[in-house]
Amino acid sequence: MKTAVIYWSGTGNTEQMASAIAEGAGAELFTISEFNGDMAAYDRIAFGCPAMGDEVLEESDFEPFFSDVEGSLNGKTIALFGSYGWGDGQWMRDWEERVKADGAVIVNGEGLIVNVTPSVDDLVLCKSLGANLAE
């Protein structure tokens, strides 16, 4: 099984999560600008994006990237993760519903969210998510 962790981070919080998930999964780690777009090359994929604005995915870079690849998610096992600084995680619930509608299976049944900067305990959860993704 080949695994990728693909993320966008503005402040570094989601980047920290991505690194821990990649470590736990033994996965290749990419920012969205580094990823070549070949979803077929990966069996399992983790996507990371923080909440922005009115609890939405980052709109300038991540949203267009994700819109381009989501047609290839049917049947894939994926993980979702990101940080937030306000709200209650509605952006993640919306994202979960979106990928389920695309035919993907979400590891642990839901995304992993962290309020602001990940703590040591949060990073342990990230590594665990990565391990679950790689199973």
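These questions and answers concern a predicted model and the reasons behind some of its labels.

Author: Residues are numbered from 1 along each chain as its sequence is written. In this predicted model, local features need pLDDT of at least 70, side-chain atom pairs count only at pLDDT 80 or more, totals for chains, interfaces and linings use all residues, and side-chain values use heavy atoms, without hydrogens and water.

Reader: Why are α1 and α4 called oblique to each other?

Author: The axes of α1 (residues 13-25) and α4 (residues 120-134) cross at roughly 45 degrees and come within 6 Å. Angles under 35 degrees count as roughly parallel, over 145 as roughly antiparallel, 65 to 115 as roughly perpendicular and the rest as oblique. The two helices are therefore oblique.

Reader: Which residues of α1 and α4 make the contact?

Author: Contact means heavy atoms within 4.5 Å. Among them are Q16, M17 and A20 of α1 and L123, C126 and K127 of α4. The residues of this contact divide into nine nonpolar, three polar and two charged.

Reader: What makes T3 count as buried?

Author: Buried means under 20% relative accessible area, with exposed over 50% and partly exposed in between (1.4 Å probe, protein chains only). T3 has 7% relative accessibility, so T3 counts as buried. T3 lies in strand β1 (residues 3-7).

Notes
Axes fitted to C-alpha atoms, helices over the stretch in contact; angles between N-to-C directions. Helix = DSSP H or I, 4+ residues; strand = E, 2+ residues; numbered from the N terminus. Nonpolar A, V, L, I, M, F, W, Y, C, P; charged D, E, K, R; others polar.
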